[in-house]
Amino acid sequence: MYAARHRVIWFFTYACLVGMLSGPVHAQVRGRAADPGTRTPEPSATSRQEAITVNAKSAVLMEGASGQILAAQNKDEKIAPASFVKILTLYIVYDMIRNDKIKLTDEVYISKKAWETGGSKMFVGLGTKVPLEEIIKGIAIVSGNDACVAVAEHISGSVDMFVKMMNETAQKLGMTNSHFDDPHGLPSAQQYTTAYDMAVLARRYVNEFPEALKIHSTLEYTYSGIKQGNRNTLLSKDASIDGLKTGFISEAGYHLVATAKRDERRLIAVVMGAKRPTIRAEEALKLLNYGYRNFAFVSLFTKGQVLYDLPVWKGQSNNLHIVPGEEGMIVVPAEAKNKLEHEKTLPEYVVAPIAKNQELGKYVVKIGPNVLRSIPLIAETDVPKAGFLKIIWHSVIYFLSRVKILTYVLLGVVLVIFFVLTLNFLTRKRRQKSRIRY
C-alpha cells in the first residue's frame, strides 16, 4: 500500500515539474490592448458628408494632415482631369529635385514639340533654354502646356516615357481610379481621374513639398514680356487660401483644387465639373468654410513623437521607442469632440531583431463602434540581435519572469510532499534497522 501511494506521489511530482518547464519560454509577442474606456454609440464623423451639396459633378473635402474625408459628392466618378494633370507633373518634378536627379538651375531645352503645344501657354521660345525654376512657375501659375512638355522631355527624354512615370507614380500614391495620357491635361479619350484621387494627390503634394505653395499662391507671372494672371480667383478673395490648381476642358467643365490653412489646420477642397468658373470658385470656398465651421480638429500627437517604450529581449538595446507612423490629427463634428475613445494595441515586449519603422501595434480613435482613425505604431530605430552570452542570459531571465505564481505554489507543495515523504522514508528505515539489531 505504501509503495503504491509512493509511486502516485512521485508521478504527480514529475508531472508538475514537466508542466512548469514546458511553459511559453520561446513566445515572442503577446498583444495587450489599452482600456477601451466608455463606449457610447454615436454617429460616425463621416455622417456629415451628406449634409452639404455642391453645384458640380463631383466634389471632396479632405483634412490635410490625416486624409480624412469630411464631405463627398460622387467622389469616385471618373472625369477628364484637364489641367489637374499638372499637379502630378509638378509632384514628379519636385520628387526628382528631392532625390538630386534634377536641379532648379537646370537649363530646360524647348523642343519644337513643346513650343507647338496648344492651349494655355507660358510662351517659351523655340530652341531656347529656360531655367527649371522658371518652368515650374510657368506650370503652377499660368498653367503652361508648353512648359509641361518641355519638363517631361527634360526628365524622361520623351513625353511617352514621362507619361509612363506619371501612371506609375499615381498608382504608388493610391490614385487607383486615374489614368493619364499626357503631362498637361489636353483632351484625351483615355485620360480620367476622380475628385477623391485628386484630393489624395493634392494632400501628398502640399505635405511633401510645402515650398511649392508659395509659387501656386502667386497672383501673376511675367515671362518674355507677357504678363498673365493666376486663374485661381480665390487667392485674392481669402487670405487663408494658398493654392492649388484650376482646370477646364469643354467635355468635363470647370475644375478647382483649393487648399487653405487656418490656425495651422489645412483643408483641401476639390470641385470637378462646374458649369462656370465662378461656380467652381464659389463651391470650393463653400466647402472650405463648411469644414472649418462644422468640424473640430483634435491633435493627438505628431508623426515621430515618442509615445511608448517597450522592453526588448535578446537585443543590443534593452528598450525601444514606439512612435506613430502618421500625423495624429483627428477631425470630428464639433459636437462630438468630447466623445472620442482611444485604444492602443501593443505587445508587452519585443524580441530582437527589430527593423526601423516596423509596425508593432495600432492606435485607434473611435466614436462608439465607428473607427475614425487607425494609426500604425512603429519602431523608432533598428534593434539588432544581441551577442550569444546576452541571448542566453535573457533566455534565463525571461523564463523566470514568465513562470506563474501558481507554478511556484505547486512547486512548493511538491517540495513539501517530497520532504515529508523523504523524512517518512528515513524514519521507517531507522525503525527497521533498530528492530533487526534487537
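A crossing is left-handed if the near helix is turned anticlockwise from the far one by less than a right angle, and right-handed if clockwise. The model used here is predicted, with local features needing pLDDT of at least 70, side-chain atom pairs counting only at pLDDT 80 or more, and totals for chains, interfaces and linings using all residues. Residues are numbered from 1 along each chain as its sequence is written, and side-chain values use heavy atoms, leaving out hydrogens and water.

**Exercise 1. Describe how helix 4 packs on helix 5.**

Step 1. Find the elements. Helices (H or I, at least four residues) and strands (E, at least two) are DSSP runs, numbered from the N terminus. Helix 5 covers residues 145-156. Helix 4 covers residues 132-140.

Step 2. Take the geometry. The axes lie 8 Å apart, and the angle is about 140°. Axes are lines fitted to C-alpha atoms, for helices over the stretch in contact, and angles run from 0 to 180 degrees between N-to-C directions.

Step 3. Name the arrangement. Angles under 35 degrees count as roughly parallel, over 145 as roughly antiparallel, 65 to 115 as roughly perpendicular and the rest as oblique. Helix 4 and helix 5 are therefore oblique. Their crossing is left-handed.

Step 4. List the contact (heavy atoms within 4.5 Å). Helix 4 brings L132, I135 and I139, while helix 5 brings A147, C148 and V151.

Step 5. Sort by class. Ala, Val, Leu, Ile, Met, Phe, Trp, Tyr, Cys and Pro count as nonpolar, Asp, Glu, Lys and Arg as charged, and the others, Gly among them, as polar. The contact of helix 4 with helix 5 has 6 nonpolar residues, with no polar and no charged ones.

**Exercise 2. Work out how helix 2 packs on helix 4.**

Step 1. Locate helix 2 at residues 85-98. Its axis and that of helix 4 come within 10 Å and cross at roughly 155°.

Step 2. Classify. Helix 2 and helix 4 are therefore roughly antiparallel. The crossing of this pair is left-handed.

Step 3. Find the partners. From helix 2 come K86, L90, V93, Y94 and I97; from helix 4 come L132, I136, I139 and A140. The classes are 8 nonpolar, no polar and 1 charged.

**Exercise 3. Which residues of helix 2 and helix 5 meet, and at what angle do the helices pack?**

Step 1. The packing angle is about 40°, with the axes 11 Å apart. That makes helix 2 oblique to helix 5.

Step 2. Helix 2 passes helix 5 in a left-handed crossing.

Step 3. K86, T89, V93 and M96 of helix 2 meet N145, C148, V151 and I155 of helix 5. By class, this contact has 5 nonpolar, 2 polar and 1 charged residues.

**Exercise 4. Describe the largest pocket and the largest cavity.**

Step 1. Set the rule. On a 1 Å grid over the protein atoms alone, a cavity is a set of points where a 1.4 Å probe fits but cannot get out, and a pocket is an open set with protein on both sides within 12 Å along at least five of seven lines; lining residues have an atom within 4 Å of a point. Grid points are joined across faces, edges and corners, and a volume is the space filled by probe spheres set on the points.

Step 2. Take the pocket. The largest pocket holds about 330 Å³ of space. Its lining has 15 residues, with A65, N207, K261, E264 and R266 nearest the centre. Helix 7 (195-208) and strand 11 (295-301) each give two or more residues to this lining. The lining has 6 nonpolar, 4 polar and 5 charged residues.

Step 3. Take the cavity. The count is 1 cavity of 30 Å³ or more. The largest cavity holds about 50 Å³. A140, I141, S143, N230, R231, N232, L244, K245 and T246 line the largest cavity. Strand 8 (residues 241-249) gives the largest share, 3 residues.
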